[in-house]
Amino acid sequence: MRAKAATPRLRLGLPKGSLQETTIRLFGLAGWRVRVSERSYYPQIDDAEIECILIRAQEMARYVEHGAMDCGITGIDWVLESRAKVKELADLAAPWPNYRTVRWLLAVKEGSAFRSVKDLQGKRIATEVVGLTGRYLKRHGVKAEVEFSYGATEVKPPLLADAIVDVSETGSSIRANNLRVLDVVQESTPRLIANRDAFADEWKRRKMERLALLLRAAIAAANRVGLMLNVRRDHLESVLSILPALATPTISALADERWVAVNTVIEESQVREMVPALREAGARGIVEYPLNKIVE
Amino acid sequence: MGPVRGVLRAVRVYTKLAWWGLASPRLLERAPLEIAQGVIRDECGRVLLSVRSDLMGWELPGGTPHPREPLEAALRRELREETGLDVDVGDLVGAYVRTGFRPHTAHVYRCRPTGGVLRPSRETPRLAWFEPSALPQTLFPWYRTPIEDALAGRSGVCRSEHQGVAAVLAGLRIDLRMRLRR
């Protein structure tokens with residue numbers, strides 16, 4: 001793994017588990033083809049300057065901190081949990097499964113007497129994030145027994161634990177197990193993190209920054225489309241007023257001076273409402289096209 | 001926005017503008033008003049314009065300095081607030097001395113975006129990049145000269161114009177046009 005290569009290489013940790021599939025899809029959109037063969041922990045990537053390793057998200061930050069990998073993708077929750085000193089390069093929150101914001105929730109059994117974290121003095125709390133939970137309790141001045149849970153944490157109250165701190169993207173596992181949420185302990189999104197020494201290395205830093213730029217650009221283009229249309233100058237105002245404020249369009253001249261072209265980016269979900277309204281307002285030659293990347 | 005609420009809002013805005021443009025400069029303000037505005041161009045040469053939230057119409061983004069704040073610093077701050085962009089403030093295109101309605105001097109600078117992400121604000125609910133040959137009809141007419149000067153590469157020009165009844169009516173016509181198109 002540490003063999004000297006002729007060309008410099010960036011060692012990149014990809015998260016094994018729930019983040020894996022979306023991560024590989026994200027790399028595809030950003031311009032890197034990653035192939036994982038069954039049982040191999042070294043995925044193939046079509047970039048001679050990158051070497052990939054699959055690692056559990058929980059351990060990523062620690063390995064990146066120690067320099068086993070130059071950079072990697074994991075949730076900020078695991079970075080905080082392991083208290084790893086790493087450099088954050090990009091927030092990769094995206095509207096895809098497992099890449100949305102997740103919340104670590106403090107929850108108790110529905111119908112229990114616990115109303116707030118203060119009621120958990122001296123009680124037992126099961127969680128996968130012992131460090132985060134311990135610090136959260138300390139902030140609230142509560143002393144409780146925090147117990148590591150290997151999983152299936154949501155079924156533990158009330159028999160095996162008084163309360164739990166468990167992760168949820170949609171809240172469905174909380175509802176399914178008849179639990180009541182007392183507080184949000186930590187919010188988290190996937191991040192691209194880097195080893196500090198690797199970041200100080202000129203070549204590696206440039207490579208990682210380019211990677212971060214393209215990953216962010218692919219995320220920015222997710223669920224958005226381009227819209228191009230022509231409109232007569234005296235109808236321009238009504239067309240612009242239909243576009244969402246955040247669209248910040250570009251207006252260009254056309255050969256026919258009475259007309260201008262409007263180019264903009266909108267959310268895909270707005271297309272259905274907007275395109276007919278734009279036509280009614282005087283827009284003609286409306287073209288909707290897919291986007292691959294948006295570099296701000 | 002319903003039509004009645006729209007009219008009420010317009011009446012409120014016009015009352016405020018009449019006070020702001022006609023009475024307050026004569027009654028309350030001692031020093032002549034100085035403002036800073038930027039002609040921001042992207043790499044394709046397009047000009048960034050914003051829509052004001054009170055008197056609606058397209059204009060150059062910018063604003064009024066805080067007490068004792070240098071014009072260029074004020075411009076950087078206002079552009080950051082109104083457009084989300086960080087800019088390099090370049091040379092002064094010119095000073096535009098306007099008398100009549102809301103007398104003021106507008107210092108217009110050439111600006112180059114260096115970072116940030118374009119996003120509208122409460123004061124400037126809409127932003128758009130316009131090719132110089134596709135400036136909107138709803139651009140307030142007194143901005144045409146500064147933009148022309150900037151595009152022609154002029155620096156340090158000094159112009160004065162009187163904002164009389166014609167300018168006020170042109171402004172109102174543009175505002176009404178923007179409101180009625182909704």
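A polar contact is a pair of N or O atoms within 3.5 Å; within protein, one must be able to donate a hydrogen and the other to accept it, and residues adjacent in sequence count only if both atoms are side-chain atoms. By that rule, eight residue pairs, both at pLDDT 80 or more, are in polar contact across the interface of chain A and chain B.

A word on the basis of these values. This is a predicted model, in which local features need pLDDT of at least 70 and side-chain atom pairs count only at pLDDT 80 or more, while totals for chains, interfaces and linings use all residues. Residues are numbered from 1 along each chain as its sequence is written, chains are lettered from A in the order in which they are written, and side-chain values use heavy atoms, with hydrogens and water left out.

Let me turn to extent. Contact, meaning heavy atoms within 4.5 Å, involves 18 residues of chain A and 23 residues of chain B. The two chains bury about 1700 Å² between them, 56% of it on carbon and sulfur atoms; this is accessible area (1.4 Å probe) lost on being put together, summed over both. Of the area that chain A buries against chain B, 32% is supplied by E237(A), T248(A) and I251(A), more than by any other three residues.

E237(A) forms a salt bridge with R126(B), with the closest N and O atoms 2.6 Å apart; the rule asks for a side-chain nitrogen of Lys or Arg within 4 Å of a carboxyl oxygen of Asp or Glu. I251(A), for its part, stands opposite F130(B) in β7(B).

Definitions and conventions
Two strands pair if DSSP finds at least two bridges between them. Helices (H or I, at least four residues) and strands (E, at least two) are DSSP runs, numbered from the N terminus.
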